[in-house]
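Hello,

Here is the structure you asked about. My notes follow below it.

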Amino acid sequence: MTSSLRTRSMTLLLNPGSTAMDAGTVSVSVLIPVYNEEDNIAPLCGRLIPALDGLGRSFEVIFVNDGSIDGTEAELQRVASDRRIRVINFRRNVGQTAAMMAGIDHARGEVIVPMDGDLQNDPQDIAGLLAKLDEGYDVVSGWRADRQDGFLLRTLPSRMANKLISTISGVKLNDYGCTLKAYRRQMLQGYRLYGEMHRFVPIYARWQGAKLTEMPVRHHPRRHGQSKYGLERVLKVVLDLVVVKFLTQYETKPIYIFGFAGLMFMGLSVLAGIYAIYLKLVDGISFILTPLPLLVTMGLVTGVMCILMGLLAELLVRIYFESQGKSHYSIKTMLNFDERPETPR
C-alpha cells in the first residue's frame, strides 16, 4: 500500500497536469472517432477545449484513432500533452461504430457526448445539449437543420434514410446521422454495437426506457480532408435497420417472427394444394401440368424449417441470457428492498 501511494505521489510530481480526475469519474466525456483527419485535430482542439472550459464542469476528451494512415496519430500525440485529452489508437481501420464502442467502454463521464472530428459539428452546441439533459431528458440528439453538404449525394439520401428509420423503428428523429448527441451514461449500458449501428444508438436508448428529445445544432462545411461516406451507406442502413428491428422487438421471442413466416409459407402451401385439387376436379387439369404441386411441397418444407429455426433461436436466447446471468428486463428504481426478507416461521 505504501509503495502504491509513493508511486502515485511521484506521478503527480513528475506530471503537474495530472489531477485527481485521472483516478475518478468526470462530468462530461466527449468522444471523437477520427480517421485520416490530421489537418482537423489541432483546429478542433482549439475550439473544443475553450468551449468545454466554459461549461464549469469536469471533462475529458477521448479521441479514437480508427487506424489512420496519415499523420493523425502524430497530431493526437501532440495535443495529448493536455492531460484532459486521452487517445486510443486502433491497429487498423475497423469503422466508426467500433471506435464509438471503444470510446464508450473507456469513458469516465456521467454524460457522454459523441461528435465528429471533421470540424462540421460546433463545440459551442455542447452546452445546449447539456442544458437539455438538465431539463430531465436522458438522450438529446442533434439535428443539422441547416446542413452544409451536397444535396444529391449527402442530404437527400440522408433525409430518405431518416424517414425510413423513423417509420420502421417508431422513434421519430429528423437526423439519425448527426453524430453530435448527449447521453446519460446509464442509457448506453447493457448492449454492444456492431457493424454500422452507431446511428441507431437513440433507438437502443429508447428501448432502455430513455426520455429522448431533439434540438437543432449548427453544421459547418468540411474544410479539410474528404468525407468517409457515400451512397453505399443507404444499403448498410437498410440492412442494419432489419437487425435493430429484430433485436429491439423480437430478441426474447424469436419464435414469433420465425413462426409467423413459417405459418405464412404453410398457408401458401395449403392454398396452392386446394387450388390444384380444384383444377383437377372441376377443369380436369392434371397435377403435373401446373407448378402447384411443387409450390405445395416447397411451401410446406420452408414453413417447417422456419418453425424449427424459431425453436432453435428460442434455445439460443435462453442460453445467451442464462449463461451470462443477464436479464431481459431493465429496472429503473427499487423501493424498500434494503432489508432481507424475513424467514417464515
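Helix α2 bends by about 30 degrees at Leu44. The bend is the angle between axes fitted to the seven residues ending there and the seven starting there. Helices (H or I, at least four residues) and strands (E, at least two) are DSSP runs, numbered from the N terminus.

This is a predicted model: local features need pLDDT of at least 70, side-chain atom pairs count only at pLDDT 80 or more, and totals for chains, interfaces and linings use all residues. Residues are numbered from 1 along each chain as its sequence is written, and side-chain values use heavy atoms, with hydrogens and water left out.

Back to α2. This helix covers residues 38-53, 16 residues in total. From first C-alpha to last, α2 reaches 24 Å, close to the 22 Å expected at 1.5 Å a residue. That expected span is 1.5 Å times one less than the number of residues. Leu44 is among the buried residues of α2, as are Asn40, Ile41, Cys45, Leu48, Ile49, Ala51 and Leu52. Buried means under 20% relative accessible area, exposed over 50%, partly exposed in between (1.4 Å probe, protein chains only). The cover over these α2 residues includes strands β1 (26-34), β2 (59-65) and β3 (85-89), plus helices α3 (72-79) and α5 (126-134). Cover here is judged by contact, meaning heavy atoms within 4.5 Å.

Next, α4 (residues 96-106). Eight of its 11 residues are buried, so α4 is largely enclosed by the rest of the structure. Among them are Met100, Met101 and Ile104. Its cover includes β1, β2, β3 and β4 (109-114).

Now the record. An unreviewed UniProt entry lists residues 255-278 and 298-321 as "transmembrane region". UniProt positions are given in the numbering used here, feature names are shortened, and annotations may be inferred rather than shown by experiment. In the model, residues 255-278 are 100% helix and 0% strand, with end C-alpha atoms 34 Å apart. Residues 298-321 are also 100% helix and 0% strand, and their end C-alpha atoms lie 34 Å apart.

Where does Glu314 lie? It is in helix α10 (residues 292-323). Glu314 counts as buried because its relative accessibility is 11%. Its side chain makes a polar contact of 2.5 Å with that of Arg318. A polar contact is a pair of N or O atoms within 3.5 Å; within protein, one must be able to donate a hydrogen and the other to accept it, and residues adjacent in sequence count only if both atoms are side-chain atoms. Not counting residues up to four places away in sequence, Glu314 touches Thr252, Lys253, Pro254 and Ile255.

Best wishes
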